[in-house]
Structure formats: structure tokens, C-alpha cells
Amino acid sequence: MMYRLLADAVMVAHFAFLAYLAVGGFLAWRWRRTIWAHLAVAAWGLVSVVTGVECPLTLAEDWARRRAGLEGLPASGFIDHYIEGVIYPEEYTNLARLGVAVLVLFSYVGYVLRRQ
């Protein structure tokens, strides 16, 4: 039971991380110091997409699911399991990534403009 709760908690944290990746730059408009955390999150997202390195949260959830006696995440990972094909069709993956990148860049432009 404990491993199942841990797997669910990691899944929720992973979704929160992805939400922060998408809109965290806008939070920095109000709380300026959070820009540094968002830069780190955005850098990790970019590295993950470009290199295909597996996210530690994916590994943690997979480990907890297997310990709970559940089926682990597929080899394709968290996003393929929970998001692609559920929120948007798989063939639009690059468009979704571009949309997030544009959102992040727009938030950074707004951050810089609001600082002046």
C-alpha cells in the first residue's frame, strides 16, 4: 500500500513539474526570484528532449509501481504513458513541444519587459 501511495505521489509531482515547466515563467512575473528555479526546470526539459535522458521522477514512479506489485511504466516513459495519446495525439508531439517552448519564451520576454 505504501509503495502505491509513493507511486501516486511521484506521478502527481511529475505532473506538477511539467505544469511548472509550461507556466512557471509567468509566476516569475509576480515572484521574481522564482525565475532561477524555472530556468533550471526549463534547462532540464530541454536536455531531456534533446538527449532523451530519462527523468528521475519517471524512474522513481516506475520503481514504486513495481514494488507495489503493479505494472511498471512502459519503456517509452511518463509522457508517452500519461500524456501522448491522452491529451494530444501522438503525431502532434513536436507541435506540443513547440507550444510549450513558445509559452516559455513568451513568459521570459514578459519577465524582461516587466523588469524595466
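How are α2 and α5 oriented to each other: roughly parallel or roughly antiparallel? Keep that in mind as you open this predicted model.

**Stop 1: α2 and α5**

Select helix α2, residues 34–51, and helix α5, residues 93–115. Their axes lie 12 Å apart. The packing angle is about 155 degrees. Angles over 145 degrees count as roughly antiparallel. α2 and α5 are therefore roughly antiparallel to each other. Look at the handedness too: α2 passes α5 in a left-handed crossing.

Now show the side chains at this contact. On α2, pick I35, H38, L39, A42 and V49. On α5, pick R97, V104, Y108 and Y111. Colour them by class, and you get 7 nonpolar residues, 1 polar and 1 charged.

**Stop 2: α1 and α2**

The axes of α1 and α2 come within 9 Å. They cross at roughly 140 degrees. α1 passes α2 in a left-handed crossing.

Next, select the residues that meet. From α1, take F17, Y20, L21, G24, G25, L27 and A28. From α2, take T34, I35, A37, H38, V41, A42 and W44. By class, this contact has 10 nonpolar and 4 polar residues. It has no charged residues.

**Stop 3: H14**

Is H14 buried or exposed? Its relative accessibility is 4%, so H14 counts as buried. The cut-off for buried is under 20%.

Which residues does H14 touch, leaving out those up to four places away in sequence? Show C55, L57, T58 and F78.

How values were computed. Residues are numbered from 1 along each chain as its sequence is written. This is a predicted model: local features need pLDDT of at least 70, side-chain atom pairs count only at pLDDT 80 or more; totals for chains, interfaces and linings use all residues. Side-chain values use heavy atoms; hydrogens and water are left out. Buried means under 20% relative accessible area, exposed over 50%, partly exposed in between (1.4 Å probe, protein chains only). Contact means heavy atoms within 4.5 Å. Axes are lines fitted to C-alpha atoms, for helices over the stretch in contact, and angles run from 0 to 180 degrees between N-to-C directions. Helices (H or I, at least four residues) and strands (E, at least two) are DSSP runs, numbered from the N terminus. Angles under 35 degrees count as roughly parallel, over 145 as roughly antiparallel, 65 to 115 as roughly perpendicular and the rest as oblique. A crossing is left-handed if the near helix is turned anticlockwise from the far one by less than a right angle, and right-handed if clockwise. Ala, Val, Leu, Ile, Met, Phe, Trp, Tyr, Cys and Pro count as nonpolar, Asp, Glu, Lys and Arg as charged, and the others, Gly among them, as polar.
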